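Have the viewer open as you read.

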Number of protein chains: 2
Amino acid sequence: MNQLFSKMSIQMNEHLYLKDPTSSDLGQKILRGSISLISSLGFEKFTFKKLAIEIDTTEASIYRYFESKQKILLYLINWYWSCMWFRIHMGTQNIPDAEVRLKNCIHILTAIPDPTQELVLDNELELKQIVINESSKVLLTKNVDDENKNGAFTEYKKVVEFVSSIILEINPTYEFPNMLISTMIEGSNQQRFFAAHLPRLTNMNQHDDLVESFFTETLLKVIKHG
Amino acid sequence: MNQLFSKMSIQMNEHLYLKDPTSSDLGQKILRGSISLISSLGFEKFTFKKLAIEIDTTEASIYRYFESKQKILLYLINWYWSCMWFRIHMGTQNIPDAEVRLKNCIHILTAIPDPTQELVLDNELELKQIVINESSKVLLTKNVDDENKNGAFTEYKKVVEFVSSIILEINPTYEFPNMLISTMIEGSNQQRFFAAHLPRLTNMNQHDDLVESFFTETLLKVIKHG
DNA sequence: TTATATTGATAGTAATACTATTATATTTGT
DNA sequence: ACAAATATAATAGTATTACTATCAATATAA
């Protein structure tokens with residue numbers, strides 16, 4: 001049952017749920033339903049009531065799995081980052097050249113994955129869209145520190161540190177590897193949002209996707225001119 | 001009365017309010033009060049009821065100035081960007097060397113302003129903090145497109161395009177000036193947030209501020225190695 | 001087959017995001 | 001100085017949200 005959603009098994013942080021949603025039918029309907037509703041309504045208009053109607057259950061039942069809609073979103077985002085962590089491992093194994101490894105990571109972190117080849121989760125594309133549009137709504141809150149203590153962002157931090165270490169292999173004197181990677185990750189999501197809604201803030205449109213090439217060029221220039 | 005808050009007069013987009021809040025005593029109390037409450041509570045816990053109590057008026061009176069709390073936040077963000085636009089003009093006038101102009105812009109956009117020298121608004125520091133912590137909550141919504149049509153982001157876009165044009169003066173063949181500047185602006189805010197709450201995503205802490213030096217170094221390397 | 005856990009059905013509460021109405025000040029034009 | 005217009009205060013009310021609580025029905029496991 002664990003594999004229903006994915007080609008890999010993911011161990012999720014237990015502070016994010018009250019009852020493991022992968023362990024039951026209803027739990028999985030909650031995950032599926034929330035992905036689809038958050039995508040379509042946006043996080044502010046997404047409610048447990050609406051989700052209950054959508055998946056034909058009751059608010060009370062959903063509350064047995066998740067404390068709040070914020071926790072569901074944290075769960076989904078964590079799930080996405082576990083998936084990225086997995087893909088980054090796959091994409092850097094047995095590659096001796098650090099620059100090639102870095103380029104693979106940049107690709108994984110900034111490009112929209114090719115649905116015929118690269119997907120690790122069934123709903124990876126929808127999940128990525130949720131990360132792009134909604135993740136700052138649970139990150140930029142007064143209780144980040146509590147969520148952080150509970151490990152809500154561990155997977156994300158692991159990814160950033162892993163890629164930063166590749167940068168240091170290429171240029172051991174480079175001073176800002178973590179800043180560069182977290183800027184790239186957040187920036188790539190923002191640039192996609194801007195391309196869709198505020199194109200004057202970018203140099204691209206929705207049809208020619210320059211995100212990966214922009215960040216690849218930027219990072220290599222910055223790292224190699226130490 | 002227009003000058004009560006600032007050393008410059010700012011013409012605010014009239015789609016952002018129902019009644020000009022700079023035109024009355026109550027209006028100015030609403031602005032002051034919302035800046036202080038949004039800073040202390042965070043945007044999600046900020047309500048018109050709480051603001052009404054704080055400034056000793058009623059919800060109904062506040063609703064005569066602003067349609068919703070989202071509009072107040074948009075107003076404040078717009079105000080901040082008008083202020084940045086003004087500072088960027090001041091900081092680039094009569095400077096023939098494009099690289100110096102660019103460095104001044106990077107400073108204005110990424111550094112915390114020196115309170116004894118650089119402030120243009122009384123509440124510029126609080127406003128900047130609100131932009132750092134809250135602006136994505138009105139940007140990343142399903143109605144960005146409507147707000148954008150109403151001109152809610154015009155000042156921001158003007159700033160990005162102005163600085164991008166300086167980049168093109170330095171290197172006319174550079175392909176991604178707007179992406180670089182909007183990534184820098186958003187990134188500098190995020191890096192400050194990370195330094196305060198998720199330091200593993202950065203290479204700094206709250207006490208040694210590397211944001212300006214990181215972005216100055218990055219931008220110059222990227223632009224000049226065409 | 002009895003005990004246990006899981007879900008459904010229903011109800012209820014406090015807070016939020018508003019709208020509406022009327023009364024009371026305050027300002028302004030003449 | 002006074003009527004007219006305007007701004008604000010006071011109060012009430014509604015639909016929705018974000019929960020909590022209770023109890024019955026149903027599936028599952030010992």
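Of the 226 residues in chain A, 59% are buried, where buried means under 20% relative accessible area, exposed means over 50%, and partly exposed is in between, using a 1.4 Å probe and protein chains only. Keep in mind that this is a predicted model, in which local features need pLDDT of at least 70, side-chain atom pairs count only at pLDDT 80 or more, and totals for chains, interfaces and linings use all residues. Residues are numbered from 1 along each chain as its sequence is written, chains are lettered from A and ligands numbered from 1 in the order in which they are written, and side-chain values use heavy atoms, with hydrogens and water left out.

What is chain A built from? It has eleven helices and zero strands; both are DSSP runs numbered from the N terminus, with helices being H or I of at least four residues and strands E of at least two.

How is all that folded up? Along the principal axes, the C-alpha atoms of chain A fill a box of roughly 60 × 40 × 40 Å. Looking at contacts in chain A between residues at least 6 apart in sequence, 68% join residues at least 24 apart, a contact being heavy atoms within 4.5 Å.

Now zoom in on helix H1 of chain A, residues 25–41. Its 17 residues reach 24 Å from first C-alpha to last, close to the expected 24 Å; that expected span is 1.5 Å times one less than the number of residues. Among the buried residues of H1(A) are A:Gly27, A:Ile30 and A:Leu37. The buried residues of H1(A) pack against helices H2 (48–54), H3 (59–63), H4 (69–92) and H6 (124–134) of chain A.

Over in chain B, find B:Leu74 in helix H4 (residues 69–92). B:Leu74 counts as buried because its relative accessible area is 2%. Leaving aside residues up to four places away in sequence, B:Leu74 touches B:Leu16, B:Val138, B:Glu147, B:Ala152 and B:Phe153. B:Leu74 and B:Glu147 are 73 residues apart along the chain, with 8.9 Å between their C-alpha atoms.

Last stop: B:Asn133, in helix H6 (residues 124–134) of chain B. With 17% relative accessibility, B:Asn133 is buried. Again leaving out residues up to four places away in sequence, B:Asn133 touches A:Leu140 and B:Phe193.
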